Structures are given as C-alpha cells and as structure tokens.
Amino acid sequence: MAMDLVNTSPTVWRGVEKLDALDALTAFLGEHGLGGWAVGPDDLPPVRALRERLRPLIEEPDPERRVLVAGELTAAVGGVTLADGWAATVPDGTPVTAMLGAVAGLGILAVQLHLGPDRFRPCSSDTCSGVFIDTSRPGRRRYCMPGLCGNRANVAAHRARRRAAGQG
Ligand SMILES: [Zn+2]
C-alpha cells in the first residue's frame, strides 16, 4: 500500500495525479482492503502530503533511519498493532491520513524485519521515476508498476533488439 500510494504522485508517471478527486481516494482505499473508511474532500491534501513523506522513507539508504521514521508514523496512531504478520489493526475513528501512515509505517517495518533492507528500490524503467518495495519471495522484482512501466520497458527493449538485429 505504501508503495502504491507513493506511485500515485504526478512526479512518478507522466505528470498524472492519480489522487485527483475523492472518488480516486475511495477507490484506492477499496483496492487495498481499506474500503469503508470515512473520507471527505478535506482528506485529499493531507493524504497527498503523506505520500511525499513516504517516498524518502523507501529511498532512505540507512536502514536504522528507516526504522526510526516508520516508527514515528505508527506512533502517531495510538494502539496500532500488527496481526498475522502483515495485517494492521488501527483504532476506530482514526483519521484516514493517520491510518494510512500507520499502516504504511508498519508494513515498511515488517518488510525490513522479515525480508531485509535491500527490498526498497527504485524502478528499473527508463520511462518511470517510481520506487517500490519488493515483497516477492525471490526478491527479484524490477518495476514499480509491472503492468505499466514493466511492459513499456520490455517493449522498448524488444524494439531495440529487433532494430539491432535488422542492422546487423
Ligand atoms: Zn515504474
């Protein structure tokens, strides 16, 4: 969720703001198993601000500093707990931005703890400036949005190979 939220930013994919309206935020929550959380138009600016705070946390080169900042995000919400390894329980009535921050912070802590600090990486696509958290078992993920930047990169590489073969 933290990674997907960061990658809704217009700084990532061709200047497109993916959280452009309340409907988009509601859809985002639904896609991440957080549907039904009370949200209003006033929540959009703080959620966008949170996403700009989360990106440096993924890019953070110092694992200890990452733990510190992720811990601050979870501490902002009282009584947040990690259940079943990955699922977070947040107190009822928590504002959506605080809830998203706490869930993102907990997720980031869990990945670093269980999978290690090298799972936080920049996207390999030349056409994308996204970042991602690799939660796959083998840990060989390369793109932040495989359906978008992964595909484009593959197509570009394929065309380049075909051109090279044609010239050869
Ligand atoms: Zn990407």
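This is a predicted model: local features need pLDDT of at least 70, side-chain atom pairs count only at pLDDT 80 or more; totals for chains, interfaces and linings use all residues.
Residues are numbered from 1 along each chain as its sequence is written, and side-chain values use heavy atoms, with hydrogens and water left out. Local features need pLDDT of at least 70, side-chain atom pairs count only at pLDDT 80 or more, and totals for chains, interfaces and linings use all residues.

**Fold**

The protein has six helices and four strands. These are DSSP runs, numbered from the N terminus: helices are H or I with at least four residues, strands are E with at least two. From the N terminus on, the order is α-α-α-α-β-β-α-β-β-α. The C-alpha atoms fill a box of roughly 65 × 35 × 25 Å along the principal axes. Of the 168 residues, 39% count as buried. Buried means under 20% relative accessible area, exposed over 50%, and partly exposed in between, with a 1.4 Å probe and protein chains only. Contact means heavy atoms within 4.5 Å. Among contacts with a separation of 6 or more, 53% join residues 24 or more positions apart.

**Zinc site**

Which residues coordinate the zinc ion? The donors are Cys123 (SG), Cys128 (SG), Cys144 (SG) and Cys149 (SG), at 2.3 Å. Donors are N, O and S atoms within 2.8 Å of the metal (3.2 Å for Na, K and Ca); water is not among the atoms, so sites may look incomplete. The four donor atoms subtend angles of 97 to 119° around the zinc ion, so the arrangement is tetrahedral. In sequence the donor residues follow the spacing C-x4-C-x15-C-x4-C. Cys128 and Cys144 link distant parts of the chain, 16 residues apart. Cys128 sits in the loop between β3 (120–122) and β4 (131–133). Cys144 sits in the loop between β4 and α6 (146–167).

**Nonpolar core**

A nonpolar core is a set of buried Ala, Val, Leu, Ile, Met, Phe, Trp, Tyr and Cys residues joined through side-chain atoms within 4.5 Å. The largest one has 42 residues, and Leu19, Leu54, Leu100, Ile108, Cys128, Ile133 and Cys149 touch the most other members. Two or more residues each come from α1 (2–6), α2 (22–31), α3 (44–59), α4 (63–75), α5 (96–114) and β4. Helix α5 gives the most, with eight residues. Leu54 touches Ala2, Leu5, Val6, Leu73, Ala104 and Ile108, leaving aside residues up to four places away in sequence.

**Single residues**

| Residue | Relative accessible area | Class |
|---|---|---|
| Cys128 | 8% | buried |
| Cys144 | 3% | buried |
| Val69 | 14% | buried |
| Thr94 | 11% | buried |
| Arg14 | 57% | exposed |

Val69 lies in helix α4. Val69 and Asn7 are 62 residues apart in sequence and 19 Å apart in space, C-alpha to C-alpha. Thr94 is in the loop between β2 (87–89) and α5. Thr94 touches Trp37, Val77 and Met99, again not counting residues up to four places away in sequence. Arg14 belongs to the loop between α1 and α2. Arg14 has a positive phi of about 50° although it is not a glycine.

Arg66 lies over the face of Phe120, at 3.8 Å from the ring centre. A charge sits over a ring if NZ of Lys or CZ of Arg is within 6 Å of the ring centre and within 35 degrees of the ring normal.

Key. Four donors count as tetrahedral if all angles lie between 85 and 135 degrees; four count as square planar and six as octahedral if opposite donors are over 155 degrees apart and all others between 65 and 115; anything else is irregular.
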